[in-house]
Amino acid sequence: MIRVLVVEDHAILREGLKALLEIEPDIEIVAAVGSAAEAMEMLGGSTLSVVLTDLALPEHTGIDLIRHARAAGNPVPFIVLTAHNTDEYIRLSLKAGASGYVLKDSGRADLLRAIRTVVDGGQF
């Protein structure tokens with residue numbers, strides 16, 4: 001079972017992602033939270049397969065969240081799901097330790113492929 005933490009500050013997108021992913025028989029949504037701070041709390045206590053995070057979050061960015069996890073020695077793979085399609089954000093995300101980068105205008109199949117790829121140890 002692929003255990004996913006969704007980190008998205010817009011409630012309608014967070015609920016949509018949750019609904020989109022939880023219909024897959026091999027995916028379980030552990031939690032869907034609206035901030036990096038909430039996600040940081042979840043990183044310490046849950047066995048996660050992957051974290052799906054937006055870049056633009058209140059108070060701390062998705063990149064801050066990834067850096068926090070890496071500094072704490074947490075190896076969980078991160079996929080950045082964002083509207084930001086720039087080399088700078090991609091580079092910063094990968095440098096922080098992200099395993100995947102998916103644009104919000106991508107299709108469901110791309111998101112699922114990204115999740116399964118990074119859970120299997122690859123990069124997307």
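How many salt bridges does the count come to? In this predicted model, the count comes to seven salt bridges.

**Salt bridges**

| Salt bridge | N to O distance |
|---|---|
| Glu-8 and Lys-104 | 2.9 Å |
| Lys-104 and Asp-54 | 3.2 Å |
| Arg-113 and Asp-110 | 2.9 Å |

Lys-104 takes part in a salt bridge with Glu-8 and in another with Asp-54. The pair of Glu-8 and Lys-104 links distant parts of the chain, 96 residues apart. Glu-8 belongs to the loop between β1 and α1 (11-22), while Lys-104 belongs to the loop between β5 (100-103) and α5 (108-119). The side chains of Lys-104 and Asp-54 also meet in a salt bridge. Asp-54 is in the loop between β3 and α3, so its pairing with Lys-104 ties together parts that are 50 residues apart in sequence. Glu-8 is buried, with a relative accessible area of 1%, and Asp-54 is buried at 4%. Lys-104, with a relative accessible area of 33%, is partly exposed.

The salt bridge of Arg-113 and Asp-110 lies within helix α5, where the two residues are three apart, about one turn of the helix. An α-helix has 3.6 residues a turn, so residues three or four places apart point the same way. Arg-113 is partly exposed, with a relative accessible area of 42%, and Asp-110 counts as partly exposed at 26%. Elsewhere, Glu-24, Asp-26, Arg-108 and Arg-116 are linked in a network of salt bridges.

**Helix α3**

Which residues of helix α3 are buried? In this helix (residues 62-71), they are Gly-62, Ile-63, Leu-65, Ile-66 and Ala-69. These residues lie on the same side of α3, because they cover an arc of only 160 degrees around the axis. Their cover includes β1 (2-7), α2 (36-45), β3 (50-53), β4 (78-82) and α4 (87-96). At the start of the helix, a side-chain oxygen of Thr-61 comes to within 3.2 Å of the backbone nitrogen of Ile-63. Just after α3, Gly-73 has a positive phi of about 80 degrees.

**Nonpolar cores**

The largest nonpolar core has 21 residues, of which Leu-5, Val-7, Leu-43, Val-51, Leu-65 and Phe-78 touch the most other members. At least two residues of this core come from each of β1, β2 (27-33), α2, α3 and β4. The largest share, four residues, is supplied by α3. Apart from this core lies another, of 17 residues, among them Ile-27, Leu-52, Val-102 and Ile-115. Leaving aside neighbours within four places in sequence, Leu-5 contacts Ala-31, Val-33, Ala-39, Met-42, Leu-48, Val-50, Val-51 and Leu-52.

**Strand β4**

Leu-81 is in strand β4 and is buried, with a relative accessible area of 8%. Residues up to four places away in sequence not counted, Leu-81 touches Leu-17, Leu-52, Thr-53, Asp-54, Leu-55, Val-102, Leu-103, Lys-104 and Leu-111. Between the C-alpha atoms of Leu-81 and Gly-97, which are 16 residues apart along the chain, the separation is 14 Å.

Thr-82 also has its place in strand β4. With a relative accessible area of 0%, Thr-82 is buried. Not counting residues up to four places away in sequence, Thr-82 touches Asp-54, Leu-55, Tyr-101, Val-102, Leu-103 and Lys-104. Two of these contacts, Asp-54 and Lys-104, are the partners in the 3.2 Å salt bridge.

Conventions: Residues are numbered from 1 along each chain as its sequence is written. This is a predicted model: local features need pLDDT of at least 70, side-chain atom pairs count only at pLDDT 80 or more; totals for chains, interfaces and linings use all residues. Side-chain values use heavy atoms; hydrogens and water are left out. Buried means under 20% relative accessible area, exposed over 50%, partly exposed in between (1.4 Å probe, protein chains only). The arc is that of the directions from the helix axis to the C-beta atoms. Contact means heavy atoms within 4.5 Å. A polar contact is a pair of N or O atoms within 3.5 Å; within protein, one must be able to donate a hydrogen and the other to accept it, and residues adjacent in sequence count only if both atoms are side-chain atoms. A nonpolar core is a set of buried Ala, Val, Leu, Ile, Met, Phe, Trp, Tyr and Cys residues joined through side-chain atoms within 4.5 Å. A salt bridge is a side-chain nitrogen of Lys or Arg within 4 Å of a carboxyl oxygen of Asp or Glu.
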